[in-house]
Amino acid sequence: MIKIGIILGSTRPGRNGEAVAHWVRDIAAQRTEAEFELVDLLDYKLPHLDEMLPPSLGQYAQPHTQEWARKIDSFDGFIIVTPEYNHSTSGVLKNAIDFLYAEWNNKAVGFVSYGSLGGARAVEHLRLVAAELQMADVRAQVALSLFHDFENFSEFKPGAFQEEALNTTLDQVLAWSAALAPLRAAA
């Protein structure tokens with residue numbers, strides 16, 4: 001069975017991403033063709049990148065890196081829930097991504113973003129990062145507006161059409177995760 005990690009890419013106190021990630025997980029859990037797991041970066045105490053060797057060598061010395069690598073390696077694909085901060089993603093998400101290399105390779109990734117412009121600029125940045133990590137980013141995405149999908153910029157109330165966008169994103173991530181399975185098996 002395909003296993004998809006839903007990565008909550010914010011650790012900020014009062015973060016909007018927690019409600020968004022739970023919404024993604026709840027909708028995804030209605031599917032039977034894959035297994036979904038919420039991965040909250042708050043549960044992984046990753047400091048600023050503290051490995052001596054480049055992640056591409058796969059020689060992780062730190063126990064926190066080894067734990068993170070095992071978790072990411074266990075998935076076939078990802079949905080990344082990201083805020084947009086200053087026209088990019090959160091520093092904590094970028095740092096978590098940068099800790100690893102091979103564990104990301106040949107896996108599909110879709111994005112659910114939120115911000116004043118739906119988090120679109122954060123996703124554009126993450127698409128470039130995904131390409132470098134040999135990930136297949138899917139075209140569909142969910143872009144949640146702080147003005148329309150949140151009441152008072154904090155209470156998550158997505159428009160009905162957002163569920164359709166999420167299901168399209170999930171469809172694409174699942175299809176690509178399955179298609180990339182032979183590449184993962186060969187690695």
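Predicted model: local features only at pLDDT ≥ 70, side-chain atom pairs only at ≥ 80, totals over all residues.
Trainee: How are helix 1 and helix 5 oriented to each other?
Mentor: Helix 1, residues 17-28, packs against helix 5, residues 160-179, with the two axes 11 Å apart and at an angle of about 65°. Angles from 65 to 115 degrees count as roughly perpendicular. Helix 1 and helix 5 are therefore roughly perpendicular.

Trainee: Which residues of helix 5 does helix 1 meet, and how many of the residues in the contact are nonpolar?
Mentor: On the side of helix 1 the contact involves Trp-23, Val-24, Ile-27 and Ala-28, and these meet Gln-162, Glu-163, Leu-166, Asn-167 and Leu-170 in helix 5.

Trainee: Is the crossing of helix 1 past helix 5 left-handed or right-handed?
Mentor: The crossing belongs to the pair of helices whose axes lie 11 Å apart. As helix 1 passes helix 5, the crossing is right-handed.

Trainee: Which residues of helix 4 take part in the contact with helix 3?
Mentor: The contact of helix 3 with helix 4 divides into 4 nonpolar residues, 1 polar and 1 charged. Helix 3 contributes Leu-93, Lys-94 and Ile-97, and helix 4 contributes His-125, Leu-126 and Val-129.

Trainee: How many aromatic pairs are there, and what kind of pair do Phe-147 and Phe-153 form?
Mentor: The count comes to 8 aromatic pairs. The ring centres of Phe-147 and Phe-153 lie 5.3 Å apart with their planes at 80°, and since planes over 60 degrees apart count as edge-to-face, the pair is edge-to-face.

Trainee: Which residues do ring pairs link into a cluster?
Mentor: Ring pairs can join several side chains, and here they link five named residues into a cluster, which are Tyr-44, Trp-68, Phe-75, Phe-78 and Trp-104.

Trainee: Is Gly-110 buried or exposed, and which residues does it contact?
Mentor: Gly-110 lies in strand 4, residues 108-115. Its relative accessible area is 0%, and because under 20% means buried, Gly-110 counts as buried. Leaving aside neighbours within four places in sequence, Gly-110 is in contact with Phe-78, Ile-79, Ile-80, Val-138, Thr-169 and Val-173.

Trainee: Where is Ala-61, and is it buried or exposed?
Mentor: Ala-61 sits in the loop between strand 2 and helix 2. Apart from neighbours within four places in sequence, Ala-61 is in contact with Glu-51 and Gln-66. With a relative accessible area of 57%, and with exposed meaning over 50%, Ala-61 is exposed.

Trainee: Is Asn-106 buried or exposed?
Mentor: Asn-106 lies in the loop between helix 3 and strand 4, and its phi is near 60°, a positive value in a residue other than glycine. His-87, in the loop between strand 3 and helix 3, also has a positive phi, near 70°, and is exposed at 54% relative accessible area. For Asn-106 the relative accessible area is 17%, so that residue is buried.

Methods
Residues numbered from 1 in each chain as written. Heavy atoms only, no water. Axes fitted to C-alpha atoms, helices over the stretch in contact; angles between N-to-C directions. Helix = DSSP H or I, 4+ residues; strand = E, 2+ residues; numbered from the N terminus. Parallel < 35°, antiparallel > 145°, perpendicular 65-115°, else oblique. Left-handed = near helix turned anticlockwise from the far one by under 90°. Contact = heavy atoms within 4.5 Å. Phe/Tyr/Trp six-rings, centres within 6.5 Å; stacked < 30°, edge-to-face > 60°. Buried < 20%, exposed > 50% of the residue type's maximum accessible area, 1.4 Å probe, protein only. Nonpolar A, V, L, I, M, F, W, Y, C, P; charged D, E, K, R; others polar.
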